[in-house]
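Subject: Handover of a structure and the findings on it

Dear colleague,

Please find below the structure that I am passing on to you. My notes follow it, and I would be grateful if you read them with the structure open.

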Amino acid sequence: MTRLGHRILCGVLVLCLLWGPRPFRAWALDLGEEKELGRKMLQTVREHFRLIEDPEVAGYVQAVGQRVVRAAGPVHYNYSFFVIDDATPNAFAIPGGYVFVFRGLLELMDSEAELASILAHELAHVQSRHIHKQIEKGRILSIAAIVGTLASAFLGLESNPAQALAVGTVAGVQTLQLKYSRENEEEADRLGFEYLVSAGYEPRAMVRVMQKMRRMNWQSDTRVPSYLMTHPALGERVGYLEQLVERKGARPSTGRGRDAVGDYPLVQAVLLSRHADFEAAQGRFQGWLKDPARTAAALYGLGRLYLSKGRLDEALNFLRQAAAAKPLSPLVLNGLGETYHRLGRLEEAERALRSSLALDDESPMVHLRLGLLYQEQEKWQEALQHLKRAESLAPLNTELDYQLGIVYGRMQDLGPAHYYLARHAMRRGDAKLVAFHLEKAKSYLPALDERLQELERWLKDSRKTARGS
């Protein structure tokens, strides 16, 4: 848990106490209440942070996260993983199974295994219900302390959410003293380590991440919050993780194990192509070409860069070179598929995308791209099949909601069509459009449909907020 994560956690705990049906009872949330709280917190995060929904980035993080979830065995929640568009190197989790990674942390790490270790650690916090246990401790708080902390945590969000959450709750935190304990962190380390190994990643990745973040603590530039700055006994934790690596061995205990690096450098190339100006990104990629280890990432980055500018022939040239350098990369093949699609070369697009799925059938971005391809060909059933598969792999994606609404509409299945369009509007915070599509959906779906009830709750909360503002 990061310094920013601790601040968010304090806000979560306060909201738990205020939203509960009997806020000052001997507090004990059941799983249903935790999930409801998580949905409300997700809504708050969506309102105040920009989420990266680029399928190459968000889909990749979601896919890695789901590998770790499957390795964890039976879990309490349907987990979802998100990327926040902020340069702070950070990550945190909230109740209900929502895990967030900041863009700055993705830019700092060097491999898929390191990303998996961070996600495993956050997953372990949620699985161990550490936040729930802190909520139980919160039952002794006074009303004044709760209200004061809530104000300091959230009143500053409108200006700069990252800064407000990082520094705006100091007084409340000093009053409440609510954060993960040494025991919580050690349990999350050890349990997360087991998830990491079971998922087929090299055990030492978690040690590398810990050491990397520890080195950040020694930097004098305090403008960059350190991921582990507030973690207790960091040196001790590196030590016992080293011991776990020695006992488990340098490789995963079962199976062949996943490539430690994977497509991770390509994801970093996408981030660079999206968040630097064209000339700066082009220069960085040209520099990468001088390093044989980064050749494929450089070619892929240049391809994505030119694709973003609509320079399709140049993009195709670089992506073909990337495919020659890394022929078994689902990301590269997906990029090729998108480029062929935009060039109108639909057979080649389908071939590239299906080759990508043959390598990784659990890639939400490739299923989304195939769904879009089949839509253009008016193959509605095939489009729906792939879009639903993408939704199962990466739920809560705004683009998917919109495309599913369109496809269901084309198939004259108007209940789901209006539901997905309402959910798309909900993600965008458009209450008027939610109300319109919700009323239409009610004409075709049962009134007690749980999906409609979720929209009703959101609309009710939205109207309450509007009246109070």
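Predicted model: local features only at pLDDT ≥ 70, side-chain atom pairs only at ≥ 80, totals over all residues.

Helix α19 (residues 364–376) packs against helix α20 (residues 380–393) at an angle of about 160°, and their axes are 8 Å apart. An angle over 145 degrees counts as roughly antiparallel, and α19 is therefore roughly antiparallel to α20. Their crossing is left-handed. On the α19 side, the contact is made by Pro 364, His 367, Leu 368, Leu 370, Gly 371, Tyr 374 and Gln 375. On the α20 side, Trp 380, Glu 382, Ala 383, His 386, Leu 387, Arg 389, Ala 390 and Leu 393 take part. Sorted by class, the contact of α19 with α20 has nine nonpolar, four polar and two charged residues.

The chain as a whole

The protein chain contains 24 helices and three strands. It has 469 residues, of which 57% count as buried. Among contacts between residues at least 6 apart in sequence, 66% join residues at least 24 apart.

How far should the 13 residues of α19 span at 1.5 Å a residue, and how far apart are its end C-alpha atoms? The span should be 18 Å and the end C-alpha atoms are 19 Å apart, which agrees.

Twelve of the 13 residues of α19 are buried, so this helix is largely enclosed by the rest of the structure. The buried residues are Pro 364, Met 365, Val 366, His 367, Leu 368, Arg 369, Leu 370, Gly 371, Leu 372, Leu 373, Tyr 374 and Gln 375. What covers them includes α3 (55–72), α17 (330–342), α18 (346–359), α20 and α21 (398–410). Just after α19, Glu 378 takes a positive phi of about 60°.

One of the covering helices, α18, crosses α19 at roughly 155°, and the two axes come within 10 Å. The helices α18 and α19 are therefore roughly antiparallel to each other, and their crossing is left-handed. From α18, Leu 346, Ala 349, Glu 350, Leu 353, Arg 354, Ser 356 and Leu 357 meet residues of α19. Their partners in α19 are Val 366, His 367, Arg 369, Leu 370, Leu 373, Tyr 374 and Glu 376. The contact of α18 with α19 has eight nonpolar, two polar and four charged residues.

Ser 356 deserves a separate note. This residue lies in helix α18 and has a relative accessible area of 0%, so it is buried. Leaving out residues up to four places away in sequence, Ser 356 touches Pro 330, Leu 333, Asn 334 and Val 366.

Helices α15 and α17

Another pair is formed by helix α15 (residues 295–308) and α17, which pack at an angle of about 25° with their axes 11 Å apart. These two helices are therefore roughly parallel to each other. The crossing of α15 and α17 is left-handed. Tyr 300, Arg 304 and Leu 307 in α15 meet Leu 331, Val 332, Gly 335, Glu 338, Thr 339 and Arg 342 in α17. By class, these contact residues divide into four nonpolar, two polar and three charged.

Is Asp 401 buried or exposed? Its relative accessibility is 1%, and under 20% means buried, so Asp 401 counts as buried. Asp 401 is found in helix α21. Its contacts, leaving aside neighbours within four places in sequence, are Tyr 420, Leu 421, Arg 423, His 424 and Arg 427. Asp 401 and Tyr 419 are 18 residues apart in sequence, and their C-alpha atoms are 8.9 Å apart in space.

Helix α5

Helix α5 (residues 112–127) has 16 residues. From its first C-alpha to its last, α5 reaches 22 Å, close to the 22 Å expected at 1.5 Å a residue. How many residues of α5 are buried? The count is 16 of the 16, so α5 is largely enclosed by the rest of the structure. Just after α5, Arg 129 takes a positive phi of about 55°.

With kind regards

Key. Residues numbered from 1 in each chain as written. Heavy atoms only, no water. Axes fitted to C-alpha atoms, helices over the stretch in contact; angles between N-to-C directions. Helix = DSSP H or I, 4+ residues; strand = E, 2+ residues; numbered from the N terminus. Parallel < 35°, antiparallel > 145°, perpendicular 65-115°, else oblique. Left-handed = near helix turned anticlockwise from the far one by under 90°. Contact = heavy atoms within 4.5 Å. Nonpolar A, V, L, I, M, F, W, Y, C, P; charged D, E, K, R; others polar. Expected span 1.5 Å × (residues − 1). Buried < 20%, exposed > 50% of the residue type's maximum accessible area, 1.4 Å probe, protein only.
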